[in-house]
Amino acid sequence: MKISIKRYSSENEPSAQSAEYRLELENITLLEALNAIKTKIDPSLSFTAGCRSGVCGSCAVRVNGTEELACGYKLSDGDLIEPLGNLPVLRDLVVDTQKMLKFNALARAWSSSNSENQLLLPEQVESNELQSDCILCGACYSACPVYAVNEEFLGPFALTRVWRYVSDGREQDVREKIEAVQSQGIWDCTLCNLCVPVCPQGIAPKQDISMLRGKSGVMGFMDPNFAAGMSFSFGGGPDFGSPSGLKSPGTS
Ligand code: SF4
Ligand code: SF4
Ligand code: FES
């Protein structure tokens, strides 16, 4: 079997070279192939992996343009392996995830200090159990096309995580969290769904973003683009198209 791997020698390299490798192995995972190449063919190949069982999220790459976990992907002849998109490449398949991870903090994707300590019913636990399974692999971040035009977009996994806490009956700071995702957040998502099929955990960030939009509407926020359109339609005069109390992000 023959596969190709995009090789980058440094972060500042403008373009990558593709290297071809022949393997005498069949029916193996991509991670097994990468290990075989590194130990027997080319020790300079760089990639990241940890658990080898779909738990740590560190081995995500793109295969033929689609995000996959290397430890879970069955390799085929002719596959092209590339690093995740939307992230700086440090070397070969190794990307710098620092920028990606900062979005969890910007989106306040955590349980507030004043969350109530109370028992939940099983159905309440189930309602956001899936979002808690995120392994921060970055596959959804890599697949999201919004980053081509907006590098500050909070992005799929951070917004999914915010919904996890907003929908938690113990959370007491729901408004603060909803406010944190108005700018560069839920309204910048195009609902294209590209983040959904690539998630190895079966999480659907698009659906969670839609839920956050609904919750925002109930709490009096609205899409700033829609608000701007209404203002334009009415000649920039009084915003009599907005229901009383609606407010756009950034307004007080
Ligand atoms: S649905 Fe939204 S978050 Fe998901 S890939 Fe599309 S634009 Fe990005
Ligand atoms: S939501 Fe899914 S694809 Fe995105 S980082 Fe978490 S586990 Fe990976
Ligand atoms: S090595 Fe941990 S998820 Fe693949």
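Me: Which residue of β2 is the bridge partner of Ile5?
Reply: Ala19 is the partner of Ile5 there. This is a predicted model: local features need pLDDT of at least 70, side-chain atom pairs count only at pLDDT 80 or more, and totals for chains, interfaces and linings use all residues. Residues are numbered from 1 along each chain as its sequence is written, with chains lettered from A and ligands numbered from 1 in the order in which they are written.

Me: What makes β1 and β2 a pair?
Reply: Six bridges join β1 (residues 2-7) to β2, and the two run antiparallel. Strands pair if DSSP finds at least two bridges between them, and strands here are DSSP runs (E, at least two residues), numbered from the N terminus like the helices (H or I, at least four). Six bridges therefore make β1 and β2 a pair.

Me: How do you know that β1 also pairs with β5?
Reply: Two bridges join β1 to β5. That meets the cut-off, so they pair. These strands run parallel. In β5, Ile5 has Ile81 as its bridge partner.

Me: What joins β3 to β5?
Reply: Two bridges do, between β3 (60-63) and β5 (80-82), which run antiparallel. Arg62 stands opposite Glu82 in β5.

Me: Why are β2 and β4 said to stand at the edges?
Reply: The open sheet has five strands in the order β2-β1-β5-β3-β4, with mixed pairing. β2 (17-22) and β4 (66-69) each have a single partner strand, so one side of each is left without a neighbour in the sheet. The twist averages 35° from one strand to the next.

Me: What makes β2 hardly covered?
Reply: The count of buried residues among its six residues is zero. Buried requires 20 or more other C-beta atoms within 10 Å of a residue's own; exposed is 12 or fewer, partly exposed is in between, and C-beta atoms are placed from the backbone.

Me: Why is Asn114 called exposed?
Reply: Asn114 has 9 other C-beta atoms within 10 Å. The limit is 12 or fewer, so Asn114 is exposed. Asn114 lies in the loop between α2 (98-106) and α3 (122-127).

Me: What is Asn114 in contact with, leaving aside its neighbours within four places in sequence?
Reply: Gln172 and Asp173. Contact requires C-beta atoms within 7 Å.

Me: How do you know that the span of α7 agrees with its length in residues?
Reply: The expected span is 1.5 Å times one less than the number of residues. For the 14 residues of α7 that gives 20 Å, and the end C-alpha atoms are 20 Å apart, so the two agree.

Me: What do the buried residues of α7 pack against?
Reply: α4, α5 and α6 (174-180). Among those buried residues are Ile209 and Leu212.

Me: What surrounds ligand 1?
Reply: 14 residues do, the closest being Cys144, Cys189, Cys192, Cys195 and Lys206. A residue is near a molecule if its C-beta atom lies within 6 Å of it. Helix α7 (205-218) gives the most to this shell, three residues.

Me: What closest residues does ligand 2 have?
Reply: Cys134, Cys137, Ala139, Cys140 and Cys199, out of 16 surrounding residues. α4 (139-143) and α5 (156-166) are the elements that give two or more residues to the shell. The largest share, three residues, comes from α5.

Methods. Contact = placed C-beta atoms within 7 Å. Axes fitted to C-alpha atoms, helices over the stretch in contact; angles between N-to-C directions.
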